[in-house]
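Here is my note on this model. Please read the points with the sequence and the 3D view side by side.

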Amino acid sequence: MISRRIRDIEYKLLPGGARKTTDIVIERDGTITVRPPLSFSPEQVDAVVDDKRMWIYRNLAEWKDMNASAVTREWVDGESFLYLGRTYRLSLVNNPARPLQIINGRFCLSRQIVEQGGVEAARSAFIRYYIDKGTQRLNDRVAVLAPKVGVTINSVKVQDTGYRWASCGKNKNLQFHWKCMMAPSQVIDYLAVHELCHLHYRNHDDAFWNEVDKVMPDYRKRKDWLRKYGASLDL
């Protein structure tokens with residue numbers, strides 16, 4: 001991935017692919033990534049980015065507005081944390097059976113984890129929880145959704161995927177960010193369908209979105225939710 005700049009727009013140039021159009025994406029961290037047709041030179045990509053300047057400005061402005069919803073959480077009794085779109089209050093408990101679990105509508109976290117390891121240890125306990133729950137849920141949902149898309153996959157993993165909510169490799173391996181487990185179940189399904197449809201179309205052209213629409217006619221509503229509230233899905 002190469003960094004390039006055309007006037008005041010800096011972007012990451014991804015390897016070209018078997019596509020007819022240039023795919024420009026504002027990533028979750030505000031980075032602009034560009035994946036062109038394989039035959040395009042860097043100068044041709046610059047020209048496309050420059051031509052899409054107003055679109056990029058508009059979408060970056062939306063990204064900044066959405067990220068105003070980002071939150072800073074504290075690791076104390078009563079703090080709120082998200083799971084499958086619902087808010088759960090935190091309770092620090094002594095010597096629980098598991099480091100972190102939901103009991104009676106509360107996230108119960110071992111007090112010893114916070115006292116001995118501090119914020120990073122507490123955060124790690126939540127990440128492990130989201131990964132464990134997400135691995136089970138997303139494997140189950142992909143097993144249901146993949147036949148509707150008309151594809152098969154090799155594996156589903158939940159991990160830290162950086163600035164992407166999810167990704168789909170050419171080897172038919174799907175990866176989802178553990179933060180997805182904070183979103184409502186309908187949004188998680190949208191992310192799964194989105195990645196599954198990439199097995200038909202690698203870019204975000206009209207054919208791709210038509211494929212998503214066939215499987216999930218209300219995908220725009222789910223996509224808009226993620227754009228609006230995605231910044232709040234964090235620890």
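1. What is the order of the strands in the open sheet of 3 strands? The order is β9-β11-β10, with mixed pairing. Strands pair here if DSSP finds at least two bridges between them. Strands (E, at least two residues) and helices (H or I, at least four) are DSSP runs, numbered from the N terminus.

2. A word on the source. This is a predicted model: local features need pLDDT of at least 70, side-chain atom pairs count only at pLDDT 80 or more, and totals for chains, interfaces and linings use all residues. Residues are numbered from 1 along each chain as its sequence is written, and side-chain values use heavy atoms, with hydrogens and water left out.

3. Back to the sheet of β9, β11 and β10. Its edge strands are β9 (155–159) and β10 (166–168), and each pairs on one side only. Neighbouring strands are turned by 15° against each other on average, direction ignored. β10 runs antiparallel to β11 (residues 173–177), with 3 bridges joining them. In β11, Q175 is the bridge partner of S167.

4. Two helices lie across this sheet. α3 lies across β9 and β11, at about 150° to β9. α4 lies across β10 and β11, at about 145° to β11. Axes are lines fitted to C-alpha atoms, for helices over the stretch in contact, and angles run from 0 to 180 degrees between N-to-C directions.

5. The helices also meet each other. α3 (residues 111–149) and α4 (residues 185–197) pack at an angle of about 55°, with axes 10 Å apart. That makes α3 oblique to α4 (under 35 degrees is roughly parallel, over 145 roughly antiparallel, 65 to 115 roughly perpendicular, the rest oblique). Residues of α3, including L138, V142 and L145, meet residues of α4, including I188, A192 and L196. By class, this contact has 10 nonpolar, 1 polar and 3 charged residues.

6. Look at E211, in helix α5 (residues 206–215). Is E211 buried or exposed? E211 is buried, with a relative accessible area of 11% (buried is under 20%, exposed over 50%, partly exposed in between; 1.4 Å probe, protein chains only). Leaving aside neighbours within four places in sequence, E211 is in contact (heavy atoms within 4.5 Å) with V149, C197, H200 and Y201.

7. Last, the hairpin. Strands β1 (residues 2–6) and β2 (residues 9–13) run antiparallel, joined by 5 bridges. I2 stands opposite L13 in β2. The hairpin has 2 residues between the strands, and R7 takes a positive phi near 55°.

How values were computed
Ala, Val, Leu, Ile, Met, Phe, Trp, Tyr, Cys and Pro count as nonpolar, Asp, Glu, Lys and Arg as charged, and the others, Gly among them, as polar.
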